Amino acid sequence: MSVQQIAQKVLDGGRVDAAEALVLYNEAPTHLLGRLADTIRFRKHPERVVTYIIDRNVNYTNLCVARCNFCAFYRPVGSADGYVLGFDEILGKIQETIDLGGNQLLLQGGHNPDLPIAWYEDLFRAVKSRFPEFKLHALSPPEVLHISRLNQVPVPDVIARLIDAGLDSIPGGGAEILVDRVRRVLNCYSKASSDEWIDVMREAHRAGLRTTATMMYGTVDTREERIEHMMRLRALQDDTGGFTAFITWSYQPEHTEHGGHEETGIEYLRTLALSRIVLDNFENLQASWVTQGGKVGQLSLAYGANDMGSVMIEENVVRAAGASYCMDEVEIVVNVEDAGFVAKRRNMHYDILGDPIFREREVPRMTSLATARAEGDASVPEELKNYPARSRQGKRLRLAQ
Ligand code: SF4
């Protein structure tokens with residue numbers, strides 16, 4: 001089929017297959033991809049509302065045994081600049097988030113062998129007992145797998161125990177590209193193969209959780225492999241309907257072992273638009289302004305995105321790889337409205353919560369994103385001694401506590 005025939009099929013509401021998606025990705029002019037994606041966005045969201053959430057990205061530990069070679073965030077177990085946040089630090093971050101009008105933590109971290117499942121359960125319970133309405137969007141599929149393997153507890157039981165402790169939803173991190181060839185090259189196959197990532201999400205959906213899905217492109221992946229990734233997500237969404245949203249971003253290469261370069265803004269917009277076309281059973285697509293900057297983030301709204309993601313408040317992972325964009329609620333709303341949309345706050349299920357909070361009450365402006373910890377803060381949380389360590393370094397540290 002020609003580009004024009006496939007474009008007409010999309011405009012008629014048809015579903016593209018992998019071969020047709022590849023023709024569009026390789027050959028369609030960027031403005032045509034944008035028009036197709038915008039048409040689908042408008043069908044799904046005719047009221048011209050663009051949503052965002054006020055939440056905080058908290059990375060509870062940077063110690064990780066997975067050692068993905070595209071990651072600039074992790075530190076090997078035993079590193080002097082490794083950290084685990086204390087329960088009090090995390091509770092303090094939640095209070096600050098609530099003060100800024102936020103209602104959720106995106107909580108993710110490294111695969112730390114010295115944090116047993118009880119640590120996560122106790123943390124979640126501590127959060128819910130202090131802030132019962134606050135939501136925990138926590139632990140990507142590879143983290144769930146890590147907890148399962150470390151504790152010898154099957155994945156469905158890990159998910160059930162975490163839900164019981166207060167888990168509200170699972171973020172789609174760690175998907176990278178759901179093709180095992182790519183995962184092997186990036187040294188992330190052993191943390192979760194493509195099938196394992198999909199299976200954790202399937203179990204989460206079965207358990208009643210809604211989750212997001214992501215794609216990080218631009219390392220060693222081909223366009224065919226990006227499309228294969230989208231097809232896997234589309235198939236699972238057909239089965240379960242459990243995904244709330246899809247978020248894609250380009251690989252950020254600075255300070256990583258893999259190195260290389262970052263894909264361009266046009267490649268991002270083309271990839272975003274194509275994902276809107278392929279993922280016809282996803283309601284929501286986020287703009288990744290945190291990797292692409294505010295201006296491309298704003299343009300994303302013409303290329304299929306209907307959500308500006310999160311105000312974020314704190315960010316550690318992307319910053320470690322060289323990107324440090326910051327937008328507070330005011331700036332997000334200005335970008336949304338200037339693009340001709342109505343900005344609304346939402347929760348993790350994409351229910352509208354209301355108008356921008358800064359129009360309802362005074363909230364402090366935010367000029368930079370917070371970090372997990374102040375530079376040089378190597379403090380070890382008191383409660384860690386309550387949990388058995390698995391690593392040699394962790395055991396030594398517990399004895400010294
Ligand atoms: S991407 Fe996640 S799992 Fe991989 S090294 Fe970084 S922190 Fe560890």
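This is a predicted model: local features need pLDDT of at least 70, side-chain atom pairs count only at pLDDT 80 or more; totals for chains, interfaces and linings use all residues.
## Ground rules

Local features here need pLDDT of at least 70, side-chain atom pairs count only at pLDDT 80 or more, and totals for chains, interfaces and linings use all residues. Residues are numbered from 1 along each chain as its sequence is written, and side-chain values use heavy atoms, with hydrogens and water left out.

## H5 meets H7

Let's start with the pair itself. The axes of H5 (residues 117–130) and H7 (residues 155–165) come within 8 Å and cross at roughly 25°. That makes H5 roughly parallel to H7 (angles under 35 degrees count as such). Helices here are DSSP runs (H or I, at least four residues), numbered from the N terminus, and axes are lines fitted to C-alpha atoms over the stretch in contact, with angles from 0 to 180 degrees between N-to-C directions.

On the H5 side, Ile117, Tyr120, Glu121, Phe124, Arg125 and Lys128 meet Val158, Arg161, Leu162, Asp164 and Ala165 of H7 (contact means heavy atoms within 4.5 Å). By type, these residues divide into six nonpolar, no polar and five charged.

## The buried face of H7

Val155, Val158, Ile159, Leu162 and Ala165 are the buried residues of H7 (under 20% relative accessible area, 1.4 Å probe, protein chains only). Seen down the H7 axis, they fall within an arc of 125°, so they line one face of the helix. They pack against H5, H6 (141–151) and H9 (194–206).

Leaving out residues up to four places away in sequence, Phe124 touches Leu107, Leu136, Ala138, Leu139, Leu162, Ala165, Gly166 and Leu167.

Methods
Helices (H or I, at least four residues) and strands (E, at least two) are DSSP runs, numbered from the N terminus. Angles under 35 degrees count as roughly parallel, over 145 as roughly antiparallel, 65 to 115 as roughly perpendicular and the rest as oblique. Ala, Val, Leu, Ile, Met, Phe, Trp, Tyr, Cys and Pro count as nonpolar, Asp, Glu, Lys and Arg as charged, and the others, Gly among them, as polar. Buried means under 20% relative accessible area, exposed over 50%, partly exposed in between (1.4 Å probe, protein chains only). The arc is that of the directions from the helix axis to the C-beta atoms.
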